Amino acid sequence: MMNPEKKRLRRTMMFLNAQKPGLIKDPYIYKPDSIMLDLEDAVAENQKDAARFSLYHALKEINYHGCERVVRINALDTPYWKEDIRCAVAGGCDSIRIPKTERAEDVKLVEEAVAAAEKEFNISQGRTLIMAAIESARGVMKVLEICESSERLFGIALSGGDYTKDLQTRITGTGVELMGARQHMIIAARAAGVQCFDTVYTNLDDMEGFRKEVESIHLMGFDGKSIINPRQISIVHEIFTPTVKDIIFAEKVVKEIDDKKAKGIGVFTVDGKMIDIAFYDGAIRTIYMAKASGVYKGDL
Amino acid sequence: MEIVQPAMAGTLESSDCQVTVEPGNNGIEFNLESVVINQFGNQIKKVVMETLKNMEVSQVKISIVDKGALDCTIKARVEGALFRSVGQFDHLPWGGAVR
């Protein structure tokens, strides 16, 4: 049976250094949908061991009030990732994020280690989900097979910094350098039925640029965005939460399609717009997003 | 666990604590500096002693410089210093001695 958490709402995923007690003690107050406790790049090489103890006890003892707790492990070409998984799974994390994923076998390796850790620490089998970060040209080219590699995999995320390095370009703020990867990844994710998350926006002095980028990736179909600062949360949530106008229209579409279908009518108009069955799933998704975001007051 | 060599874990940042362990032969020799020693000194000591007991450490000199760490951080830093002292970084007893 599919783990229902695979499809949970993930508009914002906030990076936090697992080694910093001041950061991981209360991030839930900002209400991100997910937090990502980082054992990888944010943690210095000589602090990898200490970060795990900090992570383990935070997972065990801090009440994150419903925020999903994702742990970014170290890459599979390091000596750290297996112990990272034992620690994170024993602590009861919700998901493991694999960095630098380039092939389905990477996910399968992690899946095996996660399953072994669940068994070792008496965690129910299948509880711990996986997400894969795509950080290279090769990863982008293999993204569909990555998306389809494991029943535990709930989504993929673009890591723009490493990806643009691999592409021999840089983050420009215009999005042009990420266009191909974003498009390719969202198409693959949708084809495989998993979620897709955009990369971080690192210029905290340019909130207008951030808003434009979030609007753009929202229109592209992304499920959410990785973030690095609590100031970014409200903007993402605002853009990813359906407006009252959207919700009212979606309700009308769903109700009218159900009603007209019973009467044998396939095409009709709602508020002057031509509607047919092709609009149904989109309208249902709007209602779902409204419910998940806590703004739906209707009866569907 | 027998403390093999001096080791340290943690930082002096706010909400953290820095723990130093050294081999000892007079039981547990405990030293604490804390910005909140009057309010939480006893609680910090209790957490440290419980952690040492879980790790079966009976001979150690342990010094804590606390900057307002939560209990979970104190445990993490004590364990971090102890495992560094014995040079163990893999196959750790999560949920066992580490709890």
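A polar contact is a pair of N or O atoms within 3.5 Å; within protein, one atom must be able to donate a hydrogen and the other to accept it, and residues adjacent in sequence count only if both atoms are side-chain atoms. The legends below describe a predicted model, in which local features need pLDDT of at least 70 and side-chain atom pairs count only at pLDDT 80 or more, while totals for chains, interfaces and linings use all residues. Residues are numbered from 1 along each chain as its sequence is written, chains are lettered from A and ligands numbered from 1 in the order in which they are written, and side-chain values use heavy atoms, with hydrogens and water left out.

**View 1. The interface of chain A and chain B.** Across this interface, 13 residue pairs are in polar contact, both residues having pLDDT 80 or more. Chain A contributes 21 residues to the contact and chain B contributes 22 residues, contact meaning heavy atoms within 4.5 Å. The two chains bury about 1900 Å² between them, 57% of it on carbon and sulfur atoms. Of the area that chain A buries against chain B, 32% comes from A:Pro21, A:Phe53 and A:His57, more than from any other three residues. Buried area is the accessible area (1.4 Å probe) that two parts lose on being put together, summed over both.

**View 2. A salt bridge between the chains.** Three salt bridges are counted between chain A and chain B; each is a side-chain nitrogen of Lys or Arg within 4 Å of a carboxyl oxygen of Asp or Glu. A:Glu61 is joined in this way to B:Lys75, at 2.8 Å from N to O.

**View 3. The two domains of chain A.** Domain 1 of chain A spans 4-240 and domain 2 spans 244-292, with bounds from an automatic or database domain assignment. Their contact involves six residues of domain 1 and four residues of domain 2. Taken over C-alpha atoms, the domain centres are 33 Å apart. Between them the domains bury about 350 Å², 52% of it on carbon and sulfur atoms. One salt bridge is counted between these domains. A:Asp223 and A:Arg285 form a salt bridge, with the closest N and O atoms 3.4 Å apart.

**View 4. Cysteines without disulfides.** The count over all chains is zero disulfides, a disulfide being a pair of cysteine sulfur atoms within 2.5 Å. The sulfur of A:Cys196 lies 7.2 Å from the closest cysteine sulfur, that of A:Cys147, which is too far for a bond. B:Cys17 is likewise in no disulfide, the nearest cysteine sulfur, in B:Cys72, being 10 Å away. A:Cys196 is buried, at a relative accessible area of 0%, and B:Cys17 is buried, also at 0%. Buried means under 20% relative accessible area, exposed over 50%, and partly exposed in between (1.4 Å probe, protein chains only).
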